[in-house]
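Reader: I've got a model open and a few things to ask about it. Shall we go through them one by one?

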Amino acid sequence: PTRGKSRMASGLRVRPVQWRRCLCSRQVAASAQDKQVQKLLSRMTGLDLDKVFAPRKEPLVLPRYRLMNKAQLEKAHTETLQRARELLRMPPILPPREPKEEVLEENSRLAGLLDYKIVFTDVTQHKEHKSRRIVVREPGGHLREATWEERDRMQQVYFPQLGRQMQLPAVLQAANLAAALQRRDCHVDILEMVCAQCEPDSEDYIRVHKTVHADVDSRGVYDLLRSTRHFGGLVWQLMTEDKIGGLLKDMLTWKKLSDAEDLVRLHLLCYPTSPAAQAMEADGVHLVQDFCTHMGLHQLLPLCPARSEPDTTAGASNSSR
């Protein structure tokens, strides 16, 4: 299977819910770095080996064949699962960094000597990006801390990172991103590109992620990011913006009850004082039904399976739990 393939190829499509309502007006009580949050996000991501190891454009190499006994085959399978989990590790979710505007010195005697800026960079090896000293002397004479954009550029000059360009690629720029997302199978590629290009707390990194996630949610094509390392970020953004209605409907439509239960538990963890907090005592389908009832999401109740109806995806989704 090719990357980005989803159930839409079968002729079926989950229409994104048009009703969007704020379930809670309070701030999120949990953090994306919390262990329980990471556990729930990881379980909802899934572990589809065919998608994780889907063919990619790489130089052709000769295949290798090995004869194994049963024990060796089981060991190789375990190692493959471990490698897949490493590939599905979520990119960091960080708050935006504070702008740097500190002026270190005012020297009027240097004003007008040059008509360009001079950047001074500490090129000591093995220093962290944020702790490296980079300052700028302005033509007006004052010395200031370099902005984050200047710091990123100087870091790339002296300590280049693989896959990162000096300037933001055109496809990631705000004027071009919406047009690029018209291609249905490019969302993962764009997210991978911005992860390589930008720091996790940079303005462009956060902007691109929010735009891509919003496009996925508006189209209801959540399967494009399932079993990729970007699905957890999508879920977290929808959770912090309190827009999980479309994703919950998608999970119930495709009988992903275990994922729907995890999504509800994540919501109750993030909004412990919501009207559905008392639903925590329930389990399985009853948890989802109670959540929809308390939150007024009656449109989703017909999609909830009966108590005796099995979860058809439980085996696949639980393989990574």
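Author: A definition to start: buried means under 20% relative accessible area, exposed over 50%, and partly exposed in between (1.4 Å probe, protein chains only). This is a predicted model, where local features need pLDDT of at least 70, side-chain atom pairs count only at pLDDT 80 or more, and totals for chains, interfaces and linings use all residues. Residues are numbered from 1 along each chain as its sequence is written, and side-chain values use heavy atoms, with hydrogens and water left out.

Reader: Is Asp223 buried or exposed?
Author: Asp223 sits in the loop between α7 (203-219) and α8 (231-240); helices (H or I, at least four residues) and strands (E, at least two) are DSSP runs, numbered from the N terminus. Its relative accessibility is 16%, so Asp223 counts as buried.

Reader: Which side chain does the side chain of Asp223 make a polar contact with?
Author: A polar contact is a pair of N or O atoms within 3.5 Å; within protein, one must be able to donate a hydrogen and the other to accept it, and residues adjacent in sequence count only if both atoms are side-chain atoms. For Asp223 the contact is at 3.3 Å, and the partner is the side chain of Arg226.

Reader: What does Leu114 count as?
Author: Leu114 lies in the loop between β1 (103-105) and β2 (118-121). With 33% relative accessibility, Leu114 counts as partly exposed.

Reader: Which residue in β4 stands opposite Val135?
Author: Strands β3 (residues 134-137) and β4 (residues 143-145) run antiparallel, joined by three bridges; two strands pair if DSSP finds at least two bridges between them. Opposite Val135 stands Glu145.
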